[in-house]
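The structure is shown first, and the points follow by topic.

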Amino acid sequence: MFLLYNILLTLLAPLWAPYVYLKARRRKEQPNWAERQGKFPFAYVKGKHRIWVHAVSVGEVVAAMPILREIRKRLPSHEIVLSVTTSSGHQTARDKASDLYDHLIYFPIDVARFQLAALQTVRPDAVVVMETELWMNFLWAAKVMGARTMLVNGRISDRAYPTSLKVKFYYKALFRDLDRCLVQTDLDAERMQALGFATPEVLGNCKFDQAIEGLDADPAEWRLALGLSDKPVIVVGSTRGREEEDLVLDALGKVGFDKVSVVFAPRHIERAGELAAAVKQRTGGVALRSAGETGPVLVLDTYGELAKIYSVADIVIIGGGFENLGGQNIIQPLAHGKPVLHGPHMQNFRDVSEQALRAGASLACSTSDDLATEISSLINDRARREKMGAAAKMLISDNAGASVRYGDAIVEEVAKAKSRKSPG
């Protein structure tokens with residue numbers, strides 16, 4: 001399978017190489033193409049112990065932060081090399097996690113010679129991959145260099161699972177170079193077993209631990225900084241396209257833009273301009289956070305602020321689920337004790353969203369009418385908002401602690417690598 005994978009990778013290079021390049025070109029910040037080829041601005045240092053943590057983009061970087069803290073605390077003499085694939089992930093790591101790694105790099109394209117060059121430079125004791133990002137040549141090169149390999153906070157979405165089953169032979173080959181498979185839920189473990197990993201371990205979702213980020217925010221300071229009035233504040237987070245944005249804007253229009261203050265944060269910052277135009281068309285005006293503007297509807301077109309801005313919300317709307325896109329993470333606003341409204345299509349975050357619905361911390365809305373009705377109801381019922389908020393905080397508290405368990409597992413694997421590398 002390894003040989004076939006690399007033959008196909010070579011033959012199909014005229015197709016995937018332009019795609020990778022053009023996709024990156026659409027980003028505001030371009031990746032470091034030398035690093036994407038496994039050439040890093042640091043060298044192998046004999047006797048230096050390192051751990052390589054790979055987090056694809058913004059969500060994985062943020063989720064990795066409590067695990068990175070555990071590594072720092074438990075293995076202070078180890079250097080941490082953090083890799084990302086996207087420029088937005090790179091910026092998030094620089095802005096939010098600069099004290100949690102020693103080297104920040106772009107992940108090499110999964111060509112054997114690129115990965116081997118990268119691993120020869122880093123020489124990690126352990127490779128830690130966040131959530132789902134498993135690449136055959138990367139794992140192969142890691143094993144060639146004697147590293148222990150781990151998937152942490154692993155999951156397989158409803159959308160990805162049927163396709164993965166069709167290429168089960170690929171996963172079985174891939175898993176031969178994976179030492180530990182540590183996943184979020186029992187369902188994820190069952191799916192990993194079905195794909196060929198014999199002994200996955202369920203350790204929980206570290207995003208519950210990450211959710212404490214931003215809880216030190218002072219709501220009064222943020223209300224002042226954002227120029228918010230005394231009207232109820234609706235924070236809209238992580239919408240993923242024009243249809244979702246229109247649905248939410250329709251609902252807010254039915255509630256009445258004059259009755260609320262809105263902070264609207266699209267999932268991809270590149271969409272901020274189009275969103276701002278849609279808001280202006282409906283309301284006659286719009287404010288942009290990057291320009292230091294304030295107004296009844298503020299589009300958040302900056303990185304790294306949303307986690308704290310949830311603190312000012314009376315109600316939070318989370319996107320990704322109003323269209324059939326799998327949903328977005330609702331844990332952060334729940335940690336702030338905010339009632340959360342989301343769409344019905346939350347399959348990528350099924351476990352969390354179902355727990356929140358059962359706990360009475362969130363509500364699923366299918367249409368703009370449904371969403372408008374729930375917004376109006378919550379605005380007019382403070383006791384209901386407070387009850388949902390208390391349920392949200394309890395849910396986060398009950399699920400905390402996964403990062404400690406992942407930290408334990410990483411320390412165990414590092415010890416195995418060191419003992420194997422030691423003479424005798």
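The model is a predicted one.

**Cysteines**

- A disulfide requires two cysteine sulfur atoms within 2.5 Å.
- For Cys 181, the closest cysteine sulfur belongs to Cys 206 and lies 14 Å away, so a bond is ruled out by distance.
- Seen from Cys 206, the closest cysteine sulfur is that of Cys 181, again at 14 Å and too far for a bond.
- Cys 181 has 0% relative accessibility and therefore counts as buried.
- Cys 206 is likewise buried, with a relative accessibility of 0%.

**Helix 1 and helix 7**

- Helix 1 spans residues 2–11 and helix 7 spans residues 136–144; their axes are 11 Å apart and the packing angle is about 130°.
- This angle makes helix 1 oblique to helix 7, because angles over 145 degrees count as roughly antiparallel and those from 65 to 115 as roughly perpendicular, with the rest oblique.
- The crossing of helix 1 past helix 7 is left-handed.
- Helix 1 contributes Phe 2, Tyr 5, Asn 6 and Leu 9 to the contact, while helix 7 contributes Met 136, Asn 137 and Trp 140.
- Sorted by class, the contact between helix 1 and helix 7 holds five nonpolar residues, two polar residues and no charged ones.

**Helix 13 and helix 14**

- Helix 13 (residues 242–255) and helix 14 (residues 272–283) cross at roughly 30°, and their axes come within 11 Å.
- Helix 13 is therefore roughly parallel to helix 14, a term that applies to angles under 35 degrees.
- Helix 13 passes helix 14 in a crossing that is right-handed.
- On the helix 13 side, the contact is made by Arg 242, Glu 245, Asp 246, Leu 249 and Asp 250.
- On the helix 14 side, the contact residues are Glu 274, Leu 275, Ala 278, Val 279, Gln 281 and Arg 282.
- The contact of helix 13 with helix 14 includes six charged residues, along with four nonpolar and one polar.

**Ile 105**

- Ile 105 sits in strand 3, which covers residues 103–106.
- Its relative accessible area is 0%, so Ile 105 is buried.
- Leaving aside residues up to four places away in sequence, Ile 105 touches Glu 35, Phe 40, Phe 42, Trp 52, Val 81, Leu 82, Ser 83 and Val 84.
- Leu 82 is 23 residues from Ile 105 along the chain, and the C-alpha atoms of the two are separated by 6.3 Å.

Conventions
Residues numbered from 1 in each chain as written. Predicted model: local features only at pLDDT ≥ 70, side-chain atom pairs only at ≥ 80, totals over all residues. Heavy atoms only, no water. Axes fitted to C-alpha atoms, helices over the stretch in contact; angles between N-to-C directions. Helix = DSSP H or I, 4+ residues; strand = E, 2+ residues; numbered from the N terminus. Left-handed = near helix turned anticlockwise from the far one by under 90°. Contact = heavy atoms within 4.5 Å. Nonpolar A, V, L, I, M, F, W, Y, C, P; charged D, E, K, R; others polar. Buried < 20%, exposed > 50% of the residue type's maximum accessible area, 1.4 Å probe, protein only.
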